[in-house]
Amino acid sequence: MSVLSMIVSQLINGLQSGSVYALIALGYSMVYGIIMLLNFAHGDIIMVGAYIVWVTMSVLGLPPAVGIIAAVAGCTLLGVIIEKVAYTPLRKSPRLSLLITAIGVSFFLQNIAQLIIGAGSKTMPAIVSGPNLYIGSVNLSFVAIVTIVVSLISMAILTILVQKTKMGKAMRAVSEDMGTAQLMGISVNKTISFTFAIGSALAGIGAVLYSCAYPQASPTMGSMLGLKAFVAAVLGGIGSIPGAMIGGFAIGILEAFVSAVGLSVWKDGVVFAILILVLLIKPTGIMGREIKEKV
Amino acid sequence: MLTVKDIHVYYGPIHAIKGVSFEVNDGEIVALIGANGAGKSTILKTVSGLLHPKTGSIEFNGEDITKVEPHRIVKKGLAHVPEGRRIFLRMTVMENLEMGAFTQKSVREEDLERIFERFPRLKERRKQIAGTLSGGEQQMLAIGRALMSHPKLLMLDEPSMGLAPILVEQIFEIIKELNDSGTTILLVEQNAGMALEIADRAYVLETGNITLSGTGAELMCSEEVRKAYLGA
């Protein structure tokens, strides 16, 4: 295998895991953009999504399409419920209370999954399958192609939604100035719920794609995934939608190349080293704006 | 049109508005004047629902809106141009106007035309990010944005703040025109001279209380007002 084809195939690997990170990072970033909350329960929504796929396909024996729809719908609903039950009552509380609550929700989801399904990991069924593609000597797995294509389509739809639709513009208005948005007649509650719904739907898609590549579901699978997506969101500039996409792909590709040069044990360490570096050198991230405290 | 009865508003432990009552009648320009910190902006925020009074009531067109959420109040025809303009700086001029029309079913072409006719600069700059506008243009955008909701009552908080004298005159001219075309105006101003000149009636606010009221002309002649606010 030539060096070039090795680079290309690692790039594809990186783009594959990077697209999952990007989808999850988008949820982090959108929620932060609108209520300044680092929603640390976001990663655990992925775990719930993976279990929904497992239950519908392996336990109930339903076809993949049902599993996928159930996972995305289930994650969306879960995201909105978490927002309503855990975060809405704290809308006027200090941000630290919200952050602690988010961590609490994360533990709650992990433990409830352990209680219901058990601590051991479950083997996921094959969700998508198809022939591999060869470009020269580079072997492109079908799952990788599906993952990258589906993520790019999801991101394109999200971009149109946020830039062009009335609800998307309302989201941007609320994230910029909540009080003034209300004076326009925008319902802040509805807009925040909508943001959680979209972010969680993307997490649901991420859960399905992740399960295609790593067919194991366990109660704690969401925490490392969520943390890496969080790093991706910070690297891209938290609150920025294009930033989350760039950050996600950057982290995925970086991981792939760190593994490729034989340092796969250091993969996670490198990701968190990036977090420290970003916070030291450019805390606003790649696409981030200077944050002005509102008076 | 608007009746505020004995409202008390608190910011945490701070008693900001201590029993204020006033009214705005159909077709009037009413001004609230007073020094910085007197509570003028707090009153507007309470009327538009961003704050709620602890006691007292607010009625708009015969309907009690004391505890109604702000986004529902806008729908009833009460628009509030907040202090410091507060336009969406990261959105385009056009998107700002679209947000103003959020309560409408769709953004109507004739509404945009009407606003662009009044503020031709906004038309030229409609694709620009609002943050790149000058102060005067931002104030015009803030007013234009509020007009998109077809308000019956337009509340303006310090529309002259930070503007060059020539622009201040222009803004007051526009307020007068809006009133002539049928919009009732509630105006909060530190620039008491300008405000009293165009106001039908005015109230003087001092540390959370209304201390004087009368027609614009009456207050303009009042010894106290002249000393305290007109620098005469």
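## Basis of the values

The model is predicted, so local features need pLDDT of at least 70 and side-chain atom pairs count only at pLDDT 80 or more, while totals for chains, interfaces and linings use all residues. Residues are numbered from 1 along each chain as its sequence is written, chains are lettered from A and ligands numbered from 1 in the order in which they are written, and side-chain values use heavy atoms, with hydrogens and water left out.

## The open sheet of chain B

Chain B holds an open sheet of four strands in the order S2-S1-S4-S5, with antiparallel pairing. Strand S2 (14-24) and strand S5 (63-64) of chain B stand at the edges with a single partner strand each, so one side of each has no neighbour in the sheet. Helices (H or I, at least four residues) and strands (E, at least two) are DSSP runs, numbered from the N terminus. Two strands pair if DSSP finds at least two bridges between them.

Strand S1 (residues 2-11) of chain B is joined to strand S4 (residues 55-60) of chain B by five bridges, and the two run antiparallel. Leu2(B) stands opposite Phe60(B) in S4(B), and Lys5(B) has Ser57(B) in S4(B) as its bridge partner. S4(B) also pairs with S5(B) in the antiparallel sense, over two bridges; here Glu59(B) has Asp64(B) as its bridge partner. S4(B) and S5(B) form a hairpin with two residues between them, and Asn61(B) in the turn has a positive phi of about 50°.

Helix H1 (residues 40-47) of chain B lies across S1, S2 and S4 of chain B and runs at about 115° to S1(B). For such angles, axes are lines fitted to C-alpha atoms, for helices over the stretch in contact, and angles run from 0 to 180 degrees between N-to-C directions.

## A covered strand

Strand S8 (residues 184-189) of chain B is mostly covered, with six of its six residues buried. Buried means under 20% relative accessible area, exposed over 50%, and partly exposed in between (1.4 Å probe, protein chains only). From S8(B), Thr184(B), Leu186(B) and Val188(B) point one way, while Ile185(B), Leu187(B) and Glu189(B) point the other way.

S8(B) has parallel pairing with strand S3 (residues 29-34) of chain B through five bridges. Ile33(B) has Glu189(B) as its bridge partner in S8(B). Strand S7 (residues 153-157) of chain B also pairs with S8(B) in the parallel sense, over five bridges, and Met155(B) stands opposite Leu186(B).

## Two buried loop residues

Ser48(B) lies in the loop between H1 and S4 of chain B. Ser48(B) counts as buried because its relative accessible area is 3%. Not counting residues up to four places away in sequence, Ser48(B) touches Leu183(A), Pro70(B), Ile73(B), His80(B) and Met155(B). Contact means heavy atoms within 4.5 Å.

Met91(B) is in the loop between strand S6 (78-81) and helix H3 (93-100) of chain B. Its relative accessibility is 1%, so Met91(B) counts as buried. Leaving aside neighbours within four places in sequence, its contacts include Lys169(A), Arg172(A), Asn96(B) and Gln128(B). The C-alpha atoms of Met91(B) and Gln128(B) are separated by 8.3 Å, with the two residues 37 apart along the chain.

## Salt bridges

Over all chains the structure holds 17 salt bridges, each a side-chain nitrogen of Lys or Arg within 4 Å of a carboxyl oxygen of Asp or Glu. Lys169(A) and Glu98(B) meet in a salt bridge (2.3 Å, N to O). Lys169(A) lies in helix H6 (residues 166-176) of chain A and Glu98(B) in helix H3 of chain B, so this pair joins two chains. Both residues, Lys169(A) and Glu98(B), are buried.

Glu95(B) and Arg172(A) form a salt bridge through their side chains (2.7 Å, N to O). This pair also crosses between chains, from helix H3 of chain B to helix H6 of chain A. Glu95(B) and Arg172(A) are buried. Within chain A, Arg91(A) forms a salt bridge with Glu83(A), the closest N and O atoms being 3.3 Å apart. In chain B, Arg121(B), Glu124(B), Arg125(B) and Glu137(B) are linked in a network of salt bridges.

## A nonpolar patch on chain A

Val55(A), Val59(A), Leu60(A), Leu62(A) and Val66(A) form a nonpolar patch on the surface, with about 380 Å² of accessible area together. Patches are made of residues with over 30% relative accessible area and no salt bridge; like charges are joined within 9 Å, and nonpolar side chains (Val, Leu, Ile, Met, Phe, Trp, Tyr) within 5 Å. Accessible areas come from the Shrake-Rupley method with a 1.4 Å probe, and for residues only the protein chains shown count as cover.

Leu60(A) is in the loop between helix H2 (42-59) and helix H3 (64-87) of chain A. Leu60(A) counts as exposed because its relative accessibility is 53%.
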